[in-house]
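Subject: Structure handover and findings

Dear colleague,

Please find below the structure that I am passing on to you.

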Amino acid sequence: MTDKPLLSVRGLTIDIPVASGTLHAVRGIDFELMKGETLCIVGESGSGKSLTSLALMGLLGGRISRRASRADFDGTDLIAASNRQMRRLRGARMAMIFQEPMTSLNPAYTIGDQLIEALLLHKKVGRAAARDRAVALLEKVGITSAASRLGQYPHQLSGGLRQRVMIAMALMCEPDLLIADEPTTALDVTIQAQILRLLVDLQREMNMAMILITHDLGVVARIADKVAVMYAGELVETGPAADIFNAPTHPYTRGLINCIPVPGKTARGAKLGTIPGIVPSLVGEVTGCPFRTRCSEAVPACRGEIPVRTRHAGRQRILCVHEDGQRAASEVPA
Amino acid sequence: MLRFILRRLGLAVLVALTVSFISFSLLFLSGDPAIAIAGEGANENDIAAIRKLYGFDRPMLLQYWDWLSSALRFDFGESYYFRLPVADLIADRLSVTMILGVCGISFALLLAVPLGVLAAIRPNSIIDRVALFLSVAGQAMPSFWFGLILIVVFSINLRWLPASGAESWRHFILPTIVLGYYAMPAIMRLTRAGMLEVLSADYVRTARAKGAPEGLVLFKHALRNAIIPVVSLAAVQMGFMLGGSIVVESIFALHGAGYLAWESIGRNDLPTVQALILVFSLFYIVFTFLADVLNAWLDPRMRSS
């Protein structure tokens, strides 16, 4: 693996103007990704996971503003890049799969049209060659009689098939980075596993980097190289997947992992772990740790500046006032 | 697609037959036609003779069949007033109406669709406000008033365009503007609403994620889906323009089919009224059919329903 990361983000901030002020949806997050690596961003709904991915792609709506001290994708500054530069990257070098397969394909055009378009937008190849590539990729994503599917319209396909088509479309130009925003949330449980398996296989085969956004920790445990835990617009804990699952440090990460029932360990009928409380409002000035109102380890210092702590020789980073994410017995709870 | 077209065509023919029967029955709903033809001061014998001459004494269905089979050969009988074949009379006037209708709807679409798209791309911008103002003005201004204003400005004061008649293309400019501007607001608002909805659709985001340039996103991916309801509306408006442009035809003395219908109703000229009703209804049927076919082409989901 080369030393230079494919994607390096420092201090990514996303603000949304709302009626009552500014919603600080994402506040200064840092992460990086090597070529061929899988980063899973986990967190509950509204924590800013999807916004982060849309911000990287340059697909935020017009009123949402983003900034970062660094957002480098293989030499291109994703924030400073012109529309034209971004357009050349999107679909060609960085591709995205969305949460809603039922509505993400254009109902007015055939699958073939939409697949071929993805290639022709970026590569100077003939229509016939593009068509062959589309058939090859449909086969690769496990669609039978691929050639005859090209003439079908999205409404003639099931949700699982549509998501496979979306994956094939994202891969038409062999991107270096694939962002998958909850790609299985809208699918049946049986299909979910198939699609994930497919994504992982394709990612290994094509040596793509992948950012998988999910709230399913079971999935993360199976496929992630790196994990970033997002809470209320901050990455409260990032690090190698093994470290995070073996030794979750931030109180929120520990809470999340406690919520997963473990076969054999969790007693039948025992209460599953929960995290009490709700996510705070992010409108207006946000100070201190956003998790402090729900945190069992909270102390008065949590209202102030929160230090970044690194562990395991810098591989794991947490945002917490406590060195190891735990309140010492001598400290006064908040 | 072919099966869809054939099915819609079959439906259109059934509707046309129904309409033809209704327009034929009008003759009998409006009183005894023989008395109307005979005129005032005719005695019983005259009326009976006319009844026999025109065949009004025969069963109604038989008369309908006769009328329909001649109508299919474009023979709608003779006008009571002009004593001329109704078909010639209508053919003469229809060309004016059709030119006006086609120009009117084209003007409306060419103005409304780009304006609606621009307004949707930048909601609440200056363009959106201007478009809103134009459409409110178009909806609020009565045609006769707007027509007269245009005549005063462009025909009388500036002397650029003729105020009445149908001799040259220049005669059609002002009527086209009045007729088209009246149809514009609804088309514009519908285009704007459709585009606004479609632009926030997931598949538009997908198109952008593919790296499609903005023009392709707007016109290939968004407009094709947004324009579908506009097609249906434009078809109805087109039918309306061909049949109901009486006001505009009167202001600009454009003696088209709408004007003929209005005159014929006043003169109790039933064969002409009958034929015009049929022709106007057929226009609606034809345009609705064409709109259905166009929509099915635009949206594949409609082909199967």
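This is a predicted model: local features need pLDDT of at least 70, side-chain atom pairs count only at pLDDT 80 or more; totals for chains, interfaces and linings use all residues.

Chain A contains an open sheet of eight strands with mixed pairing, in the order β7-β8-β9-β3-β10-β11-β13-β12. Its edge strands are β7 (94-97) and β12 (308-311), each of which pairs on one side only. From one strand to the next, the twist averages 20°.

Which strands pair with β9(A) in the parallel sense? One is β3 of chain A (residues 38-42), which pairs with β9(A) over five bridges. Within this pairing, A:V42 has A:T214 of β9(A) as its bridge partner. The other is β8 of chain A (residues 177-181), which runs parallel to β9(A) and is joined to it by five bridges. Here A:L177 is partnered by A:A209, and A:L178 by A:M210. Between β8(A) and β9(A) the chain passes through helix α7 of chain A (residues 189-206), and this β-α-β crossover is right-handed.

Helix α7(A) lies across β3, β7, β8 and β9 of chain A, and runs at about 160° to β9(A). Helix α10 of chain A (residues 251-258) lies across β10 (226-231) and β11 (234-240), running at about 105° to β10(A).

**Chain B**

Chain B has 15 helices and zero strands. Its C-alpha trace spans about 85 × 55 × 30 Å along the principal axes. Of its 305 residues, 48% count as buried. Among contacts in chain B between residues at least 6 apart in sequence, 74% join residues at least 24 apart.

An unreviewed UniProt entry lists residues 94-118, 130-156, 168-187, 226-255 and 275-298 of chain B under "transmembrane region". Two of these spans can be set beside the coordinates. In the model, residues 94-118 of chain B are 100% helix and 0% strand, with end C-alpha atoms 36 Å apart. Residues 275-298 of chain B are likewise 100% helix and 0% strand, and there the end C-alpha atoms lie 34 Å apart.

**Aromatic pairs**

How many aromatic pairs does a search of the whole structure find? Over all chains, the search finds 13. One of them joins B:F154 and B:W160 in a tilted arrangement, at 5.9 Å centre to centre and with 40° between the planes. The two residues fall into separate accessibility classes: B:F154 counts as partly exposed because its relative accessibility is 24%, whereas B:W160 is exposed, with a relative accessible area of 52%.

**Two positive phi values**

The phi angle of A:A232 is near 45°, a positive value. A:A232 lies in the loop between β10 and β11 of chain A. Is A:A232 buried or exposed? A:A232 counts as buried because its relative accessibility is 1%, and the cut-off for that class is under 20%.

B:N124 lies in the loop between α5 (86-121) and α6 (126-140) of chain B. With a relative accessible area of 55%, B:N124 is exposed, since that class begins over 50%. In short, A:A232 is buried, while B:N124 is exposed.

With kind regards

Technical notes:
Residues are numbered from 1 along each chain as its sequence is written. Chains are lettered from A and ligands numbered from 1 in the order in which they are written. Side-chain values use heavy atoms; hydrogens and water are left out. Two strands pair if DSSP finds at least two bridges between them. Helices (H or I, at least four residues) and strands (E, at least two) are DSSP runs, numbered from the N terminus. A crossover is right-handed if, with the strands pointing away from the viewer, the path from the first strand over the helix to the second runs clockwise. UniProt positions are given in the numbering used here, feature names are shortened, and annotations may be inferred rather than shown by experiment. Axes are lines fitted to C-alpha atoms, for helices over the stretch in contact, and angles run from 0 to 180 degrees between N-to-C directions. Contact means heavy atoms within 4.5 Å. Rings of Phe, Tyr and Trp (its six-membered ring) pair if their centres lie within 6.5 Å; planes under 30 degrees apart count as stacked, over 60 as edge-to-face and the rest as tilted. Buried means under 20% relative accessible area, exposed over 50%, partly exposed in between (1.4 Å probe, protein chains only).
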